[in-house]
Amino acid sequence: MIEIRDLAKSFTLHNQGAAVLPVMANANLHVRPGECVGLIGASGAGKSTLMRMVWGNYLAASGMIRVGTLDVAQAAPRQIIQLRRKTLGYVSQFLRVVPRVPTIEVVAEPLLNLGVPADQARDRAASLLTRLNIPERLWNLSPTTFSGGEQQRVNIARGFAYPYPALLLDEPTASLDAVNGAVVLDLIAEAKARGAAILGIFHDEAARAQVCDRVVDVRDFTPKVAA
Amino acid sequence: MGMLNLNLTAETDQPLLSVQGLTKRYGARIGCADVSFDLFPGEVLGIVGESGSGKSTLLSCLAGHMPPDQGSVIFQTAQGPRDTVTMAEADRRRMARTDWAFVHQNPRDGLRMGVSAGGNVGERLMAIGARHYGDIRDKAIDWLGRVEIAADRIDDRPRAFSGGMQQRLQIARNLVTGPRLVFMDEPTGGLDVSVQARLLDLLRGLVRDMGLSAIIVTHDLAVVRLLADRLMVMKSGHVVEQGLTDQVLDDPQHAYTQLLVSSVLQV
């Protein structure tokens, strides 16, 4: 479902002496339907960079990133927009929403964008918020005022509202207590069971051991520094 | 996902608007130069750049407020693709009243300040042939509700409204005729941030529910991140970078975009 081949990435900092920073080279990995692959490697090794290249908000220097039938590295913006609508979901570490929009709408939005009737979309959002222990009295408030852990759970509910065939999860269990962490791991297990291909970053080793079928060390993709 | 009943609209490969080589000079000075892009149905395109970058000139040329020196602006009309640059003035005016809408930064430029709120909305309907007073008033009330203006304000003049309400009234006046393409010039400029957020939410809902395409000119990167699917960055009349909005903002390639993105104050 997700296949990365010979992927390379560098940043050119035009306003800092046009410094070119090669950050990744020869990255190869694949994720099959129903499989969860964990990215490991020290902070700064390129785990999030790799995820963002799959999501399409970081450009690849060269190589291929196939998600479903689309090569994200070559795709036009429109194709990536379509991919994100129906094929690829992403739970980032940060919740980015229009202020004042009620939590229930934030979670239902991916479904509304697909034309799901509003009442069905809200029912689905409500069931996820309930599972993730967000009290109903908060549903009509904007999540921008919530605690970090609550915001993260809203983000997870939003990411799981639609059953995407491919999912990117960036630290989905960080800053969650044991009870909510377990709910998230259940959601991941259910997504795998329905055939989703998941690429994730999990700092929590126990969580990683529970849901990941394999791990890939991104340090293998660090460019060799020329002497 | 058996429980959800998906009703996907067919994807079309026909752009709603196709712009080729659009150029406008003010004497020897460049307003905008060689701008080309396609806009597809339901897409929101953001145009960013600092003052003087040519983004407002470009919007004026696109919307037919100003004739470009070169280039074409092909719009997919009900009768097929037409170049709006070479089209007869009367046809362009009719299109501006029906298929297109233009939301000005200053609501005073898009509203008739001496006419009631209901009149401002109803006037657009009458311009396309609506005559039944009761229908027009009902539709006006419906639209005031959609932009969150209470029905009991229908007979008040826009002068009695706050800036945010005036802007929402301008949006109602523009969208009541069911346009397919909306041009917006700094629609949230000059508003308090809390009012801005409300307007952004409203615009997002309207774009989604009506399947609108929109071109939004702004200097506010936070606004485009939340509203635009795609982004064009302008400098000195030229498009220096364009792409998916979050890609341009998170991994800018051009020196100017990098400067622009890194200059935003974090809150």
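What is the phi of Gly129(B), the residue that follows α4(B)? I looked it up: the phi is positive, near 110°. I keep in mind that this is a predicted model.

**Entry 1: the helix**

Next I went back into α4 itself. This helix of chain B covers residues 117–127. I asked which of its residues are buried. My list reads Ala117(B), Gly118(B), Asn120(B), Val121(B), Gly122(B), Arg124(B) and Leu125(B). I note that Arg124(B) and Asn120(B) are on that buried list, along with Val121(B) and Leu125(B).

What covers these buried residues? I found helices α2 (89–98), α5 (133–146) and α6 (163–175) of chain B among the cover. Strand β6 (100–103) of chain B is also included.

**Entry 2: the whole chain**

Then I zoomed out. I counted 10 helices and 10 strands in chain B. Of its 267 residues, 52% count as buried.

I checked the contacts between residues at least 6 apart in sequence. In chain B, 68% of these join residues at least 24 apart.

**Entry 3: size**

The C-alpha trace of chain B spans about 55 × 50 × 50 Å along its principal axes. Its radius of gyration is 19 Å. A compact globule with 267 residues would have one near 18 Å, so the value for chain B agrees.

**Entry 4: surface and charge**

The accessible surface of chain B comes to about 11900 Å². Carbon and sulfur atoms hold 49% of that surface. I also looked up the charges: chain B has 28 positive and 31 negative side chains. The centres of the two sets lie 8 Å apart.

How values were computed. Residues are numbered from 1 along each chain as its sequence is written. Chains are lettered from A and ligands numbered from 1 in the order in which they are written. This is a predicted model: local features need pLDDT of at least 70, side-chain atom pairs count only at pLDDT 80 or more; totals for chains, interfaces and linings use all residues. Side-chain values use heavy atoms; hydrogens and water are left out. Buried means under 20% relative accessible area, exposed over 50%, partly exposed in between (1.4 Å probe, protein chains only). Helices (H or I, at least four residues) and strands (E, at least two) are DSSP runs, numbered from the N terminus. Contact means heavy atoms within 4.5 Å. The radius of gyration is taken over C-alpha atoms; the globule rule is 2.2 Å times the number of residues to the power 0.38. Accessible areas come from the Shrake-Rupley method with a 1.4 Å probe; for residues, only the protein chains shown count as cover. Lys and Arg count as positive and Asp and Glu as negative; His and the chain ends are not counted. The place of a charge is taken as NZ of Lys, CZ of Arg, CG of Asp or CD of Glu.
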